[in-house]
Amino acid sequence: MKIIVCVKQVPDTNEIKINPETGTLIRDGVPSILNPDDANALEQALQVKDANPGTEVTVITMGPPQAKEMLQECVAMGADDAILLSDRALGGSDTWATSNAIAAGIRKIGDFDILFAGRQAIDGDTAQVGPQIAEKLGLPQVTYVKEFAMKEDGIVVKRGLENGYEMLKVKRPCVLTAIKELNQPRYMTVRGILKAAKQEIKVWNAEDIGVDKTTVGLKASPTNVFKSFTPKPKGAGIAVEGDTPKEKAANLMTALKEKHII
C-alpha cells in the first residue's frame with residue numbers, strides 16, 4: 001500500500017505579519033512548526049503503516065528551502081520518503097495555485113491508495129487546499145475525518161459536523177482531511193532522528209513536476225489578502241448583582257438605562 005501525506009510548515013506564533021505590498025505572510029525570523037492538523041494526518045498514515053507491513057508513507061510539501069527541517073521531522077516520526085516543492089515560480093501562491101502545484105507533484109509521485117492532509121493550516125485557516133487537490137486529481141474526498149477504519153471493500157470514516165457526525169464509506173484511492181480528534185500524533189524516536197539526519201530530502205522545482213507556470217505563483221493567484229489588522233480589545237464586562245433572578249433583571253435594566261442603551 002502507498003500513502004501520501006500533504007504537510008505544511010507554518011509559523012509558530014500568533015504575531016502574524018503581512019507584507020503590505022504582496023498580501024503574503026512574512027516568515028523571516030518567525031519560528032516554524034509542522035501544521036497541527038497535518039501532524040494528525042501523518043499519524044493516521046503511520047498507524048495504517050504499522051498495521052499493514054510493506055506500506056510506504058511519503059510526505060510532500062510546498063515551501064521555501066527551510067521547510068526541509070519540517071520534512072526531516074516527519075521522517076523522524078516514521079515517514080519513508082519526503083518531497084519538497086520549492087521554486088521562486090511557486091512563491092506567493094494562494095490556495096488555488098498551491099493545489100495546482102501539489103497536484104502536479106502528486107502526479108509525478110505516481111499511483112497511491114490514500115492521500116491524507118490536515119483539515120486546514122493555522123496560518124490561513126481556509127481548509128481549501130485538500131479538497132482542491134482532490135478535485136484536480138479527480139478523486140473522492142471526505143473532509144473533517146475524526147475516526148478511520150480500513151475495510152476490505154474500502155475505508156469507513158466518521159466525519160465531524162457542527163451538530164453531529166456522518167458515517168461514510170469511500171473507495172480507494174481517495175483524499176481524506178484530518179482533524180485533531182482523529183488521533184494523538186506520536187513523537188520522533190531516536191532511531192527516526194538518526195534516519196532523518198541521513199535521509200535525502202528530494203527537492204522538485206516547477207519544471208520537475210511539469211506544472212503550467214501560468215497556474216502557480218502570486219500572479220496566477222485569484223485571491224490575496226486585502227487588509228490585515230488586530231481587532232481592538234473588548235472592554236471589561238460587569239457582573240450583575242442580585243439575590244434573585246428578578247432582582248438581577250431589575251439591576252440589569254437599571255444599568256442599561258444609566259448607559260442610555262435602553
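Let's start with K8 and D123. They form a salt bridge, a side-chain nitrogen of Lys or Arg within 4 Å of a carboxyl oxygen of Asp or Glu. In K8 and D123 the closest N and O atoms are 3.1 Å apart. This pair links distant parts of the chain, 115 residues apart. K8 sits in the loop between β1 (2–6) and β2 (9–11). D123 sits in the loop between β6 (114–118) and α4 (129–137). Helices (H or I, at least four residues) and strands (E, at least two) are DSSP runs, numbered from the N terminus.

A word on the source. This is a predicted model, where local features need pLDDT of at least 70, side-chain atom pairs count only at pLDDT 80 or more, and totals for chains, interfaces and linings use all residues. Residues are numbered from 1 along each chain as its sequence is written, and side-chain values use heavy atoms, with hydrogens and water left out.

Buried or exposed? Buried means under 20% relative accessible area, exposed over 50%, partly exposed in between (1.4 Å probe, protein chains only). K8 is partly exposed, because its relative accessibility is 30%. D123 is at 15%, so D123 counts as buried.

Next, R186 and E43. Their salt bridge has its closest N and O atoms 2.7 Å apart. R186 is in the loop between β10 (174–178) and α5 (190–198), and E43 is in helix α1 (residues 36–51), so the pair ties together parts 143 residues apart in sequence. R186 is partly exposed at 27%. E43 is buried at 4%. Salt bridges with shared partners join E43, D50 and R186 into one network.

One more pair: E166 and R159, at 3.5 Å, N to O. E166 is partly exposed, at 31%.

The whole structure has 10 salt bridges.
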